[in-house]
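Reader: I would like to go through this model and ask what stands behind each label.

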Amino acid sequence: MSSPAILVRDLKKSYGSKAAVNGVDLEVPRGSFFGFLGPNGAGKSTTIRILTGLIPADSGYIEILGLRLPEDEMEIKKRIGLVPDESLMFERLTGFEFLEFVGRMYGLARDVAIQRARGLLELLELANDRKVIGEYSKGMRKRVAMAASLIHHPELFLMDEPFEGVDAVGARLMKDILVDQVRRGATIFLTSHVLEVVERLCDRIAIINNGAIVTAGTLEELRSNGESLEDAFVRVLGAERQLERLDWL
Amino acid sequence: MIAAILRAQLLSMRLGARRGAIFGLITGLIWYGFWCGASVAIYLLAAHAGATVLRRALPTGLLLLFVYWQVVPIVSASFGSALDMRKLLVYPAPHGKLFVVEVLLRLTTGAEMVLVAAGATAGLLRNSAIGGWVAAPRILAPIAIFLLFNLLFASGLRSLVERLLSRRRIREILVVLMLSVVTIPRVLFATGAGPKSLDGLGPLIHAAALPWVAAAGSMLGESTWRALLIIAAWTLAAAWFGRTQFERNLRYDAVAAQATPLDRVPSARPTFSDRFYRLPALIFRDPLAVLIEKELRSLTRTPRFRMVFVMGFSFGLMVWLPFARLGETQRRGAIEQNFLAIVCVYALTLLGQVTYWNCFGFDRSAVQIYFAAPQRIAVTLQAKNIASMIVIYVEVLILAGLTLALRIGVGFGKVVETLLVVAVCSLYMLAFGNISSVHYPRALTPERVSQGGASSRFQALVFILYPLALLPVALAYLARYAFDSQTAFVVALGLAAVLGGFLYWMALESATETANKNRERILQDLSRGEGPVASN
């Protein structure tokens, strides 16, 4: 049996006295579309940043695609595609130049990188935009970021709010691409606050709160009595409350 | 309103304040300690000088104060702190109050001159020859108004220059025009096409109607009221200038002014510049080649870099040309002999703030790609260093061409010597730059042409590092002078190169280790926004 795409045990990361990630256990099967949910400040982005090697963990066991982090950091990086929560792009390059850059950074030959960059820009309907990225809209940036995560044909995608700021047409296009990637055997690990998107795309979900996983399983296991994911999410977090009113508002 | 802005600024500075506080304190003490010393020296001079000497020296002193306050921020490409209007314009803040804050922030580029003025004023108050303490109101009022005039004028000038420099193409033309204003008369004198001396300028800069002359006259008790009226009129004019330019800046959209015109979007076919960017791939292999290529593309499209690049050769010439005797082939002094090397080293130091001192600055939060990609961070640092060297050498070649055109004793040998000298100096600069880039990273806004490159505490340290970095090469020149031997120069320069290479290697190792260890802090620092006041 092949190892899971992501295996995390007792992962911890603190900032001063505040524990951002406090003993996370996580197992993401290969070929799954995995939703990683949680309220703001729950530890989602910190977890993703640890998994991508951007920040070190304080302690814990991390295995990605059967390789240990941080020991096999370089090999892991070659095999993952990343769409971060904030812009990771060089604003003074055009979308095409940036994609070529990323391709070559991942070891592709220049010709291959150029060819793939052109194809991806066509696919994501950006081929006619030759402005520098600094002049792109937020949605266009996200599309370029997605293209950059695809260019080296990774086995695992780590995506932090990939659809944030993307219009309905662009989001549909991106979702179709991701679903196609999963169909071809890739694993997708994404965070999103848009629960309808997660509900439609993901087959497995984990919810993190205060730095620890509070529940994990398939979508069906998480929902009870046909409730929506939003209802299940609020219930799991124990966050149901009446709207309070301010006298002056 | 002002209190709220200042509080927000102080709170925004909390995070960075603790780290390096002692360091900032030491460099601050050195810099302002120097100016305090100058202030005391001026105090002693002013306190004991006779009335005749003061009548001659005070207007010139105030003129120098004016020039330093207004011109140095432009020449050093560092315009000081300013309000970040993108963050403030959403609030119903009266423009008048914002203008007051903006004017007060001009103290960030002229605090040294306030110290000097304080020393001079205290000296005059002590000097019985011009009235002493009894004449305090007569001495204090004009200097206070003169300082206010400088603040207001600096505010207007900053707004105007910043707006002009943020326009595509205009900034380059403006810098060349400024250069021409200074160099053309000099060239005319030297080539015999103009008058033989600058003596004619004397009466012009000492005319009674000028602010520094009027302020000096009033302080010395010469036609006090008339002089006071003149300086007050200048101050009102500066207030109008400052306020008008401030309002214009509020309505100005710098990002729109720098946007790529629709008819000038990069072509899909390789252009000349595209071929230039791809040159490193002929020598280096990926990932080094692609990183250098990316760096060159990004830098040449960054308004801030383009401005400093043009300033590198234009202001370099502007600053050093007055010290050189043009066209005279016989009696050549040290400056004429080494003119090209001096100007190139000046350009090297100026370019440092947009390249090697803070090499991740323009990448901002995108710096995480270097850590996320399957490459060693040392390769990124090397690529950035090589890209810096390429732009520095392009600058050197432009300067060599210009000095040849201006007939300042530059032959082929001098060009080669300069290339070697710049290479050796660069080893030291890049070594220090790599260390500073990982220890004091700071996000830079590419569109903000007035923003300095390094963090403010590091800018102070730069004043210490420059002499250190240039010392080995200076010693080589000293060896040539002392032994009157070119061989001594070459040997000393060779030793400096070996030492520089060793230092560069050690610094690269250290910077790589620090970057890997402190990657989290580096990402944080480069993603961090500023408060309502954008620092220089």
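Author: Chain B averages a pLDDT of 78, and 73% of its residues score at least 70. Over residues 452–457 of chain B the pLDDT is below 50, although this stretch has 26 contacts in the model beyond near neighbours in sequence. Where pLDDT is low, the predicted coordinates should not be read in detail.

Reader: What ipTM and pTM does the predictor give the complex?

Author: The ipTM is 0.75 and the pTM is 0.74.

Reader: What makes up the secondary structure of chain B, and what percentage of its residues is buried?

Author: Chain B comes to 25 helices and two strands. Of its 536 residues, 44% are buried. Among contacts in chain B between residues at least 6 apart in sequence, 81% join residues at least 24 apart.

Reader: Why is α6(B) called roughly perpendicular to α12(B)?

Author: The axes of helix α6 (residues 95–105) of chain B and helix α12 (residues 224–250) of chain B cross at roughly 110 degrees and come within 11 Å. Angles of 65 to 115 degrees count as roughly perpendicular, and therefore α6(B) is roughly perpendicular to α12(B). The crossing in which α6(B) passes α12(B) is right-handed.

Reader: Which residues make the contact between α6(B) and α12(B)?

Author: From α6(B) come B:His95, B:Phe99, B:Glu102 and B:Val103, and from α12(B) come B:Gly242, B:Arg243, B:Phe246, B:Glu247 and B:Leu250. By class, the contact of α6(B) with α12(B) has four nonpolar, two polar and three charged residues.

Reader: How many residues does each chain give to the contact between chain A and chain B?

Author: Chain A gives 28 residues and chain B gives 29 residues. On the side of chain A that touches chain B, the elements giving two or more residues are α2 (73–79) and α3 (95–105) of chain A. The largest share of that side, four residues, comes from α3(A). The residues on the side of chain A that touches chain B divide into 13 nonpolar, four polar and eleven charged.

Reader: Where are A:Glu125 and A:Glu161 placed?

Author: A:Glu125 lies in the loop between α4 (110–123) and α5 (138–150) of chain A. A:Glu161 is in the loop between β7 (156–160) and α6 (168–183) of chain A. A:Glu125 has a positive phi of about 55 degrees although it is not a glycine. A:Glu161, also not a glycine, has a positive phi of about 50 degrees.

Reader: Why is A:Glu125 called partly exposed?

Author: A:Glu125 has 13 other C-beta atoms within 10 Å. A residue is exposed at 12 or fewer and buried at 20 or more, so A:Glu125 falls in between and is partly exposed.

Reader: How do you know whether A:Glu161 is buried or exposed?

Author: A:Glu161 has 20 other C-beta atoms within 10 Å. The cut-off for buried is 20 or more, so A:Glu161 is buried.

Reader: Which residues does a cis peptide bond join in chain A, and which in chain B?

Author: In chain A a cis peptide bond joins A:Leu69 and A:Pro70, with omega about 10 degrees. A:Pro70 is found in the loop between β5 (67–69) and α2 of chain A. In chain B a cis peptide bond joins B:Asp286 and B:Pro287, with omega about 10 degrees. B:Pro287 sits in the loop between α15 (280–283) and α16 (288–300) of chain B.

Notes:
Residues are numbered from 1 along each chain as its sequence is written. Chains are lettered from A and ligands numbered from 1 in the order in which they are written. This is a predicted model: local features need pLDDT of at least 70, side-chain atom pairs count only at pLDDT 80 or more; totals for chains, interfaces and linings use all residues. Axes are lines fitted to C-alpha atoms, for helices over the stretch in contact, and angles run from 0 to 180 degrees between N-to-C directions. Angles under 35 degrees count as roughly parallel, over 145 as roughly antiparallel, 65 to 115 as roughly perpendicular and the rest as oblique. A crossing is left-handed if the near helix is turned anticlockwise from the far one by less than a right angle, and right-handed if clockwise. Two residues are in contact if their C-beta atoms, placed from the backbone, lie within 7 Å. Ala, Val, Leu, Ile, Met, Phe, Trp, Tyr, Cys and Pro count as nonpolar, Asp, Glu, Lys and Arg as charged, and the others, Gly among them, as polar. pLDDT is the predictor's confidence in each residue, from 0 to 100.
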